[in-house]
Number of protein chains: 4
Amino acid sequence: MIQTQNFKDIVDQYKVIFFDAFGVIKNYRGLVPGMEKTFEYLDAEKKKYYIVTNDASRSPIQLADGFHKIGLPNIKYGHIISSGMLAKEYLDLKVHDGIVAYLGTTNSAHYIETSGLHTLPVSQINDSNIDQVNALVMLDDEGFNWFSDLNKVVNLLRRRNIPTIVANTDLAYPLSSKDVAIAIGGIANMIETILGKKFIRFGKPDSQMFMFAYDLVREKMPVGKKDILMVGDTLHTDILGGNKFGLDTVLVYTGNTLATEAETRINATGIVPTYICDTAVVDM
Amino acid sequence: MIQTQNFKDIVDQYKVIFFDAFGVIKNYRGLVPGMEKTFEYLDAEKKKYYIVTNDASRSPIQLADGFHKIGLPNIKYGHIISSGMLAKEYLDLKVHDGIVAYLGTTNSAHYIETSGLHTLPVSQINDSNIDQVNALVMLDDEGFNWFSDLNKVVNLLRRRNIPTIVANTDLAYPLSSKDVAIAIGGIANMIETILGKKFIRFGKPDSQMFMFAYDLVREKMPVGKKDILMVGDTLHTDILGGNKFGLDTVLVYTGNTLATEAETRINATGIVPTYICDTAVVDM
Amino acid sequence: MIQTQNFKDIVDQYKVIFFDAFGVIKNYRGLVPGMEKTFEYLDAEKKKYYIVTNDASRSPIQLADGFHKIGLPNIKYGHIISSGMLAKEYLDLKVHDGIVAYLGTTNSAHYIETSGLHTLPVSQINDSNIDQVNALVMLDDEGFNWFSDLNKVVNLLRRRNIPTIVANTDLAYPLSSKDVAIAIGGIANMIETILGKKFIRFGKPDSQMFMFAYDLVREKMPVGKKDILMVGDTLHTDILGGNKFGLDTVLVYTGNTLATEAETRINATGIVPTYICDTAVVDM
Amino acid sequence: MIQTQNFKDIVDQYKVIFFDAFGVIKNYRGLVPGMEKTFEYLDAEKKKYYIVTNDASRSPIQLADGFHKIGLPNIKYGHIISSGMLAKEYLDLKVHDGIVAYLGTTNSAHYIETSGLHTLPVSQINDSNIDQVNALVMLDDEGFNWFSDLNKVVNLLRRRNIPTIVANTDLAYPLSSKDVAIAIGGIANMIETILGKKFIRFGKPDSQMFMFAYDLVREKMPVGKKDILMVGDTLHTDILGGNKFGLDTVLVYTGNTLATEAETRINATGIVPTYICDTAVVDM
């Protein structure tokens with residue numbers, strides 16, 4: 001098995017830390033034990049940190065609230081960069097009027113609202129408004145009827161040649177120690193294959209996600225890619241994306257990748273983290 | 001545009017005709033006008049014919065009933081070869097006991113029943129019976145709750161390493177002149193991608209479907225592949241599968257492939273039918 | 001690790017045995033030690049056997065010669081079923097005149113020759129004969145210049161909408177204990193992707209390969225699928241194909257799948273052999 | 001057919017123009033007639049422009065030389081952003097010592113040289129230096145022996161788990177009005193499939209390419225994405241990439257996408273440019 005390193009020794013070499021949320025800071029049971037110490041240390045050392053997450057089901061404010069509830073009071077919405085924020089930027093820049101149809105909860109749709117656009121759940125699209133639908137955003141796997149609304153999406157996209165944004169590239173996400181749930185990224189794959197089209201995907205490992213975070217950091221301090229560390233539990237999103245963007249990366253064993261299988265998976269995929277740690281806990 | 005040929009001139013050169021059902025004999029409006037004359041002619045000429053269909057949602061008897069209702073009284077269940085029959089053969093040969101879980105209507109499950117096996121809808125799988133589930137069959141896109149049962153299927157297949165049979169390879173099927181519906185083959189693709197597994201698929205263009213039909217014909221008369229004509233409306237199932245199996249093929253314009261786009265599609269896909277006809281109607 | 005079974009105990013339950021060649025009977029070092037005893041036993045017991053191979057680089061006669069040289073004198077060309085034989089059957093049935101262009105050695109092309117057709121290496125296609133080229137067959141990764149001939153193939157298939165047959169579905173094959181070579185199936189994938197077309201592939205796991213063998217057996221003796229055992233070293237060709245066709249299957253550890261990784265791979269792929277044996281040697 | 005717009009009317013609305021090179025500014029015959037007027041106009045109006053190209057076969061200096069030779073003297077190497085520059089940035093940031101093996105011409109390798117690293121053609125990798133190889137870069141389809149070096153790459157990547165960078169994502173590129181050539185991106189696909197790994201790809205439509213250009217522009221002037229126009233001839237690289245990054249896009253008919261097929265392709269792919277023009281020529 002691979003020899004892991006001490007997370008504090010690594011963190012001390014960087015000015016800015018990007019964290020994945022699920023599998024690094026929290027999991028289906030709540031806070032990863034000890035992670036409160038990591039954020040206390042980062043605050044004390046005045047290091048910048050961002051949570052870079054493929055979770056587009058809630059707004060940054062709601063995501064920050066979630067961290068407060070599990071014992072991380074200092075994580076603010078300004079620390080959070082979600083794939084949903086890139087979906088919103090796309091709509092701001094590229095869709096100027098009409099209706100944005102969506103798959104997801106009302107909550108998830110709330111924060112993609114942008115001036116001049118009207119958001120509407122796919123279930124409410126009908127013959128009288130279909131011609132005003134100028135974009136479709138897939139936000140979350142909940143909040144809609146899969147049978148009727150997925151069939152409706154296929155036919156909407158056959159009639160209206162509009163941009164379709166997938167705000168979460170994950171295929172599935174963990175529900176408990178043994179069960180997973182199909183994510184909206186998996187559903188989006190199915191609809192792309194049926195239609196023979198390619199949707200616009202935001203989320204790790206895509207570099208636009210890292211660039212969005214990098215731009216935010218640079219507004220606050222002069223910093224290069226060499227000063228930033230990406231911490232994640234998933235090889236093909238966090239580590240692949242971080243590596244490609246030019247960041248050093250840490251794989252931790254508190255989520256998707258177990259210590260027992262890390263070596264096999266790293267060899268099979270060719271995705272090699274700069275460092276490996278048991279957890280992202282700073283233990284002093 | 002490509003010059004089409006007269007269907008009767010072609011049929012006269014073959015002893016056995018294989019027909020696709022949907023888009024050739026019938027469509028969402030009912031019988032393709034004039035097709036009753038084709039079957040009268042085939043009966044009069046004592047030519048053998050089979051309907052080779054990816055429809056696993058109903059039994060051959062029910063499918064034959066459907067033909068009777070639209071005015072084709074002489075099509076018997078013995079004329080029908082469906083991908084569901086291959087699923088049943090697989091279970092007969094390879095699964096010897098326990099439960100066969102299924103996605104589909106009760107009707108679709110009825111005819112995959114085989115001695116020694118108990119069929120059960122995915123919704124009824126639970127902790128007490130999951131260890132007896134020895135196969136999963138995906139039959140139809142209706143008859144179950146997509147959200148709860150597709151998530152259940154993903155977790156069933158993570159716990160039980162069992163054969164999964166997809167009895168319909170189509171991604172979507174037409175509902176009306178403008179709308180389509182997602183087929184169980186499209187759903188199966190999504191679950192395969194999420195799990196990283198390859199399911200067992202029966203249905204055109206797979207040659208096992210044509211072989212099943214070819215074996216049935218040869219039980220009744222000595223015949224070679226050169227004596228058989230495959231008639232279909234879809235390039236990548238009927239025509240590709242027929243060509244690969246070594247049969248001559250006819251593309252008709254009464255279904256999936258419109259006269260206006262046939263040439264473009266044939267060039268783009270490289271799937272070239274032996275003949276092209278407007279319809280499969282024998283007009284005397 | 002999985003408990004393996006004795007090969008003789010399994011063989012005794014079947015009338016007909018299908019063997020993969022490479023990784024089961026022989027490997028890059030020559031005969032798998034002891035395999036001569038298996039064929040002596042099968043001959044003594046009057047069991048039928050066939051070698052079902054994706055090797056289209058040589059004719060059945062040449063393949064049989066290869067077995068004689070490593071100490072298996074009783075394997076005749078009639079025992080051998082190769083994907084190249086299916087390519088030849090396709091040409092016989094579906095291509096009636098003109099030139100068949102090929103990638104491969106002269107040897108490999110020799111046995112796809114069929115009456116009325118002229119075979120020509122891709123390198124010899126030029127403006128004066130390109131219009132007579134009515135099919136392309138990819139036989140082997142040797143015998144041609146990759147740079148010039150693969151580029152030529154791409155442009156040939158852009159100008160001539162002809163059937164393209166891939167007579168070996170393997171992506172790579174072993175050269176030594178540590179090195180592999182790119183196979184023609186891997187090259188064919190690249191060209192398909194560039195052109196956006198789907199070629200006609202013969203070879204395991206495709207059922208047409210098993211059907212060809214099954215038809216040959218039934219010409220000699222009345223036999224059902226339950227009487228046939230498929231023996232292979234590769235999950236996604238031998239075992240997947242055998243299972244799907246309805247045969248019982250044995251995985252052996254003398255080739256592609258090592259004892260140490262079999263369990264992981266079986267779980268990851270969902271391809272489950274009926275039995276697992278260390279080797280296909282019958283030891284009495 | 002779609003009504004095209006006047007390129008000058010569009011250009012006048014933006015401060016910065018990104019151009020694709022091949023199919024927009026030049027093609028296999030040389031300069032696209034009239035394009036010299038476009039650059040004269042941009043210079044006169046003091047608009048910034050960049051050439052954003054997937055061509056990693058030569059350095060920006062050599063690419064600029066090429067533009068000078070066809071009559072565009074004012075295009076400097078500082079105007080050029082190539083996927084090869086991203087490969088170099090990756091090596092600078094992520095590979096600190098040892099050998100960088102490459103596929104391509106000596107020329108293409110020259111400009112990825114970076115301090116501390118030694119570049120070596122794949123042909124010169126052997127048992128004595130393989131352990132020092134810390135990265136592989138695929139630059140160009142020329143300059144190496146396809147048969148021996150592609151097989152060598154497969155075995156190199158089986159032994160050394162190193163980052164592999166593909167500096168050109170194109171599958172093929174045009175050679176003349178009727179012929180194309182296989183590009184290194186197509187070859188990379190084949191090797192990824194054989195190995196089951198995912199390489200690091202730089203080049204349009206990936207957003208890292210656009211971000212690199214966007215960062216360069218912002219060093220010189222304060223500018224937002226709304227001020228930038230992307231001009232290209234290819235839907236799935238220039239237009240898809242530009243759209244996703246949030247830029248307005250122009251499709252021109254001087255390259256990959258013909259006027260006669262634009263509407264069909266836009267509908268089939270769902271990739272919709274903001275504008276369509278016959279050419280990128282500013283005609284006053």
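**Exercise 1.** Is H8(D) largely enclosed by the rest of the structure or largely open, and how many of its 14 residues are buried?

*Solution.* The model is predicted: local features need pLDDT of at least 70, side-chain atom pairs count only at pLDDT 80 or more, and totals for chains, interfaces and linings use all residues. Residues are numbered from 1 along each chain as its sequence is written, chains are lettered from A and ligands numbered from 1 in the order in which they are written, and side-chain values use heavy atoms, with hydrogens and water left out.

Step 1. Helices (H or I, at least four residues) and strands (E, at least two) are DSSP runs numbered from the N terminus; buried means under 20% relative accessible area, exposed over 50%, and partly exposed in between (1.4 Å probe, protein chains only).

Step 2. Among the buried residues of H8(D) are Met209(D), Phe210(D), Met211(D) and Phe212(D).

Step 3. Because ten of the 14 residues are buried, H8(D) is largely enclosed by the rest of the structure.

**Exercise 2.** Describe the interface of chain C and chain B by its contacts, buried area and salt bridges.

*Solution.* Step 1. With contact taken as heavy atoms within 4.5 Å, 35 residues of chain C meet 35 residues of chain B.

Step 1. Buried area is the accessible area (1.4 Å probe) that two parts lose on being put together, summed over both. Here it is about 2800 Å², with 45% from carbon and sulfur atoms.

Step 2. A salt bridge places a side-chain nitrogen of Lys or Arg within 4 Å of a carboxyl oxygen of Asp or Glu. The rule finds eight across this interface, including Glu89(C) with Lys225(B), whose closest N and O atoms are 3.4 Å apart.

**Exercise 3.** Describe the interface of chain C and chain D in the same terms.

*Solution.* Step 1. In this interface, 22 residues of chain C are in contact with 22 residues of chain D.

Step 1. The two chains bury about 2200 Å² between them, 64% of it on carbon and sulfur atoms. In chain C, Trp146(C), Ile182(C) and Met190(C) lose the most area to chain D, together 25% of what that side buries.

Step 2. The count is two salt bridges; Asp179(D) and Arg159(C) form one, with closest N and O atoms 2.8 Å apart.
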